[in-house]
Each structure stands twice: as C-alpha cells, then as structure tokens.
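Have the sequence and the 3D view handy.

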Amino acid sequence: MRKILLYSLLVTLFLSCSSDQKTTIQLSNPLPIPFGDPFLLYGSDETYYMYGTSENLNGFKAYSSKDLNNWEDRGVIYDNNQPDAWGKDCFWAPEVYERNGKFYLWYSANWKHNPENKYETFRIGVAVADSPVGPFKNLYDHPVFDPGYPIIDVNLYFDDEADKVYLYYSRCCYENPVESEISEWAKAKGWFDEVEESWIYGVEIKPDFSGVIGEPQLLLRPPVKMDDAQAEWESRSVTSHEVNRRWTEGSFLFKENDTYYMMYSANFFGGQNYAVGYATSKHPLGPFQKAANNPVLQKNTAEGGNVTGTGHNMVLTLPDNQRLCVYHARTNGSGDQRVVFIDKLNIDKDGKLTVDGPTTRGISKY
C-alpha cells in the first residue's frame, strides 16, 4: 500500500457522525493527487473513493481513503483496451455511483465513429464493476445516446422517491458560435470574429441506462446581455482576450430541503479565471435561476493567495449531512498540473450557498 502524505498546512474538521459522537478528520489543501474534474464516492464499506481525469491516460485511475487524509493509489480501474470500447481518446470527468450492489462509471470520450471527420466527437458512456476500484467494463458498446453534437461532463441525479434518474451534460463549445452582446463587443474590438459557447442540458434516462427519455432540456447558458449580473464573471475568458469561448460546464446537482442546487463552472478550464457558480430550481429539469452571489469559488491571487483555475466541483455529503466542496485548481507549486482541493460548503437558513475556499490554510472547526 502506497500512502500519500498530505502536504501544506493541516486542516482539522470536526464532523458529527451522530448527535453524540464526533469524528476528527484532518485535511490539507491541495491534496497531492494529480486529478482534474475530481469526484468522490463514499462507499457502503465506509471508504472514500476518488476518481478524476488523468493526463495521457485512455482510462481512469482511483484513490481510496478511510479518513480523507491518507490516500492509497488504486491504479487504473478502467482502460479502453477492451473489445467493446467505443471511445478513442480524451477520457474525461468520471463519476462513479453505487446502485444495488454494482458500481457504475460514467465518463466522456471522443467517439471512434466519425464519418464526417469532426475534430470533436465527445459522447457519454457507462461502465460497470462489482467493486469501486474495478475493473470496469463497458455496459454497452456505444455511447448512451447521441444528441448530434459533442457532449462532456456527465452528472447523474437519482430521484428515488419518484423512481426517476436524471442525466446532465455540457454541450461542447466546438461548432457552437452564439450571437450575444459579448460576441459583438469582442468583434468590435477586433479580438474575435465569433464566440463559441457550451451549455448545460438535462434529460431523464432509462433505469437500465440504455438511453434517454424525452428530449434534453437547456438548463444553463452564458448571459446574452452585458448588463446581466452574471456576465462579468462568466465572460472573463473573452474579456481578458484569452480565448473566443464562454463555457458553462462541470455541473453537479444536489437537493437541500425542497430546492435543487446546480453548481457549474465557467471560463477556460486551462486558465486562471475558471470559477464556480450555482443556480437553483424547484424541479430537476428547471427552470434554474442563477444566484446573486456568484461566483462562489474563484482564484484567490487578489487576496495574496496562489490558487487559480478553481473549478469542476462536486459536493460530497458526509454521513452527518454536512457537505464538502471537492474541486480542482492550480498553485504556484503545481504549475500546469491540476490538483484536488476540498473545502467546506455552507447553505444558510435563506438558502444561500457559499464555499470556504480556496484555502491552503487551516479553517474553522465545525
């Protein structure tokens, strides 16, 4: 067993496992786990399993931990070297769900089927295993569905009360130029002839994951008007003259009381301005209203920190119902390599969501 010793300052969190018992967990940011798009599963064996995007790997790795402090590298849990593989390359953003004794790995990859010779053919697939560390085998020899355009960043929400499953994804920016006041502004400055965008969609899926039910619904997109309250932070990749794209991606849905929270990321994932916001709805398929306090997670260099590129988060709900925000970012030490951060997520009595991060120092006990 190879354990990874966490570096930086230790962060002590007191997590209530019951009304009369507390478990002390030590964390530090960043975790020295070289993942983008991290996802954490708390398994029925009371073990935490972490999955993420690895560089130059046509598949996925995993790490496991009993305490969110000491991590074991579990190696490759899925690789594309199997007879029914439909993916070609760019294996991104895995999420693993435990259902009825099985483990389901959802992911995106470029589809081998490419009769029109497109540059991007991303679709979503699912693999299954008897263990959270695999080996995972494709459930089908093809993507779960084909909307006719490239898609990434799959996320699932299981509504067990209604016996429904919802799937969320991001339409890629590729070949999706959109007219807006931002695109007209950039064109007038002579920066970009067009601005491409990625949008988040949701759709109900069949219980056996063999396809979708109905048509995907557009849930979130970048603002059209420059005076929109969200336009400034969601357009920074364009307004900084970085790239001619605006992203809405990396969605994660969870429910608090009767409200659905969808967290999402905006701006270029490879740049410093990658940041996280959220929107709320009363139904899993919207309509969603973006929050006034967005972004809730962004670079901290203006405050003297060294964390940039914060994004593609998920929310880990602990056994005591407290929540942690799990995401990737970069530091001066990690360079271009994305590494994992975990910070506390709060929802106040009025439903306002905040994240205590990014932090590389101790945070308050809770």
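Strands S4 and S5 (residues 48-53) run antiparallel and are joined by five bridges. Two strands count as paired here if DSSP finds at least two bridges between them. Strands themselves are DSSP runs of E, at least two residues long, numbered from the N terminus. At one spot, Gly-36 sits opposite Thr-53 in S5. Five residues lie between the strands of this hairpin, and Glu-46 has a positive phi near 60°.

Six of the seven residues of S4 are buried, so the strand is largely enclosed by the rest of the structure. "Buried" means under 20% relative accessible area (1.4 Å probe, protein chains only).

## What to know about the model

This is a predicted model, where local features need pLDDT of at least 70, side-chain atom pairs count only at pLDDT 80 or more, and totals for chains, interfaces and linings use all residues. Residues are numbered from 1 along each chain as its sequence is written, and side-chain values use heavy atoms, with hydrogens and water left out.

## Val-326

Val-326 belongs to strand S23. With a relative accessible area of 0%, Val-326 is buried. Which residues does Val-326 contact, leaving aside neighbours within four places in sequence? Among them are Pro-38, Leu-40, His-312, Met-314, Val-340 and Ile-342, where contact means heavy atoms within 4.5 Å.

## The largest pocket

The largest pocket has a volume of about 680 Å³. It has 22 lining residues, and the closest to its centre are Phe-39, Tyr-97, Phe-252, Val-315 and Thr-317. A pocket is found on a 1 Å grid over the protein atoms alone, as an open set of points where a 1.4 Å probe fits, with protein on both sides within 12 Å along at least five of seven lines; lining residues have an atom within 4 Å of a point. Grid points are joined across faces, edges and corners, and the volume is the space filled by probe spheres set on them.

S4 (36-42), S8 (92-99), S12 (151-159), S18 (248-256) and S22 (307-317) each supply at least two lining residues. By class, the lining has 15 nonpolar, two polar and five charged residues. Nonpolar covers Ala, Val, Leu, Ile, Met, Phe, Trp, Tyr, Cys and Pro; charged covers Asp, Glu, Lys and Arg; the others, Gly among them, are polar.

## The second largest pocket

The second largest pocket holds about 570 Å³ of space. Its lining has 30 residues, with Cys-90, Trp-92, Phe-122, Ile-152 and Phe-269 nearest the centre.

Key:
Helix = DSSP H or I, 4+ residues; strand = E, 2+ residues; numbered from the N terminus. Buried < 20%, exposed > 50% of the residue type's maximum accessible area, 1.4 Å probe, protein only.
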